[in-house]
Amino acid sequence: MSGGTDYILGLETSCDDTSVALVDRAGGVAFCRTVSQYAVHAAYGGVFPELASRAHLQAILPLVAEATEALSAAGGRLTAIAVTRGPGLIGSLLVGINTAQALGIAWDVPVIGVNHLRGHLRSPDLEERRVVCPALVLLASGGHTLLAVQHGPADLTLLGATRDDSIGESYDKVARMLGYGMPGGPAIDRAAQAGVARHDFPRPMMREGYEFSFSGLKSSVARLLEKDPGTAPEDVAASFVAACLDVLEAKLRRAIAAETPRALVVVGGVAASPQLRALVQRLGAEYGLSVCLPPLKWATDNAAMIALAGWDYHVAGLLPDLRADPGLSLAQW
Ligand code: KG4
Ligand code: ZN
């Protein structure tokens, strides 16, 4: 393939979204299609790993075919393939990695194994460059909740992470308790907007450091529902969201005071929450910080962010090994 703009083909299959994208060096997205598996897992109330792998297998090659059509229509040139190598579900990761390796051999292009968390961190720079450094970054997804300082696109210092459940996971579990379907986050957002935060749930670890803990909060919601099953679900949702946001706000304020960043970046699926977006805008205005939020479509899992992170690896000449690593941490490539 020759001529035109250089692209990286991104593949993302770490959890329950199959996504394929073509992204140029500046973050321009020529193509991105994501197939979600909500219908596959709905009956189980959570992601069923074996079914996730099978659904990825069915979805991925047709998406790759669409991407290659888009590449030739744009007259583009393929620099590399970037594929999520972790963290995530082992079977799901393997579908993406095996596909990428086969395509890499067939097309004679390098295959870059990308850390999914570094993908989320690059998501606000898709389509236009938004992040200014140093930035305080909150990653709030289904798999992770962490705070970090970003000194450059790929230069990170972790401040703290969750000790147990991630924030997205607790949104999903509370949604299930309230009888809402998957994904739980948007359902909780909507319910919370219609309710009153009249239940006083705990704010775990709010007064200390940068680590998080959300499992106690989730258990308090369960206890309340056991004791008072007739309570209005909207009020429970509003009270739960208020407790989560209080914790996030306290940690963000502490980190802003200590790290004096220029920007506030919030990424991951929960960054799609209008309540969290409003909180971050308010803090940004109060401290005079530039607020960098990914557009909604790039907040949840997608391959465009993986391809953009792939460019960082390409520029740095990094080709991490392609073994799937379900427990990959932010500090790793
Ligand atoms: O980043 P993501 O797509 O996948 C992971 O890497 O985990 O995040 C998924 C999580 C789910 O827990 C989902 O409930 C949550 O993000 N989420 C939301 C919203 N949209 C997705 N949480 C709150 N409000 C939303 N609008
Ligand atoms: Zn994710």
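**Entry 1: H8 and H9**

At what angle do helix H8 and helix H9 pack, and how far apart are their axes? I started here, keeping in mind that this is a predicted model. I looked up H8 at residues 233-259 and H9 at residues 274-287, and they pack at an angle of about 30°, with their axes 11 Å apart. Angles under 35 degrees count as roughly parallel, so H8 is roughly parallel to H9. I also noted the handedness: the crossing of H8 and H9 is right-handed.

Next I wanted the residues that touch. From H8, I wrote down Val 241, Leu 245, Leu 248, Glu 249, Leu 252, Arg 253 and Ile 256. From H9, the partners are Gln 275, Leu 276, Leu 279, Arg 282, Leu 283, Glu 286 and Tyr 287. Sorted by class, this contact has nine nonpolar, one polar and four charged residues.

A reminder to myself about helices: an α-helix has 3.6 residues a turn, so residues three or four places apart point the same way.

**Entry 2: H5 with its partners**

I moved on to H5, which covers 167-177. How do the axes of H5 and H7 cross, and within what distance do they come? They cross at roughly 10° and come within 10 Å. That angle makes H5 roughly parallel to H7. On the H5 side I found Lys 173, Val 174 and Met 177, and these meet Lys 218, Val 221, Ala 222 and Leu 225 in H7. The class count for H5 with H7 is five nonpolar, no polar and two charged residues.

Then I checked H5 against H6. Here the packing angle is about 65° and the axes are 8 Å apart. Angles of 65 to 115 degrees count as roughly perpendicular, so H5 is roughly perpendicular to H6. H5 passes H6 in a left-handed crossing. The H5 residues in this contact are Tyr 171, Asp 172, Val 174 and Ala 175, and they meet Gly 184, Gly 185, Ile 188 and Asp 189 in H6. By class I got four nonpolar, two polar and two charged residues for H5 with H6.

**Entry 3: what is buried in H6**

Which residues of H6 are buried? In H6, residues 184-194, I listed Gly 184, Gly 185, Ala 187, Ile 188, Asp 189, Ala 191 and Ala 192. The buried residues of H6 pack against H5, H8 and H9.

Is Asp 235 buried or exposed? Its relative accessibility is 12%, so Asp 235 counts as buried. The cut-off for buried is under 20% relative accessible area. The Asp 235 side chain reaches the backbone nitrogen of Val 196 at 2.8 Å. Leaving out residues up to four places away in sequence, Asp 235 touches Gly 195, Val 196, Ala 197, Arg 198 and His 199.

Arg 198 was on that list, and I followed it up. Arg 198 sits in the loop between H6 and H7. With the neighbours up to four places away in sequence left out again, Arg 198 touches Thr 231, Ala 232, Asp 235 and Ser 239. Its side chain makes a polar contact with the side chain of Thr 231, at 3.4 Å. I also looked up Arg 198 and Asp 165: they are 33 residues apart in sequence and 24 Å apart in space, C-alpha to C-alpha.

Last, I checked the backbone. Most residues other than glycine have a negative phi, and most peptide bonds are trans.

Where are the cis peptide bonds I noted? One joins Cys 133 and Pro 134, with omega about 0°. Pro 134 is in the loop between H4 and S6. Another cis bond runs from Met 182 to Pro 183, with omega near -5°. Pro 183 is in the loop between H5 and H6.

For positive phi, I noted Glu 127, at about 75° although it is not a glycine. Glu 127 is in the loop between H4 and S6. At 41% relative accessibility, Glu 127 counts as partly exposed. I also noted Met 205, a residue other than glycine with a positive phi near 60°. Met 205 is in the loop between H6 and H7. Is Met 205 buried or exposed? Met 205 is buried, with a relative accessible area of 14%.

Technical notes: Residues numbered from 1 in each chain as written. Chains lettered and ligands numbered in written order. Predicted model: local features only at pLDDT ≥ 70, side-chain atom pairs only at ≥ 80, totals over all residues. Heavy atoms only, no water. Axes fitted to C-alpha atoms, helices over the stretch in contact; angles between N-to-C directions. Helix = DSSP H or I, 4+ residues; strand = E, 2+ residues; numbered from the N terminus. Parallel < 35°, antiparallel > 145°, perpendicular 65-115°, else oblique. Left-handed = near helix turned anticlockwise from the far one by under 90°. Contact = heavy atoms within 4.5 Å. Nonpolar A, V, L, I, M, F, W, Y, C, P; charged D, E, K, R; others polar. Buried < 20%, exposed > 50% of the residue type's maximum accessible area, 1.4 Å probe, protein only. Polar contact = N/O pair within 3.5 Å; in protein donor to acceptor, adjacent residues only side chain to side chain.
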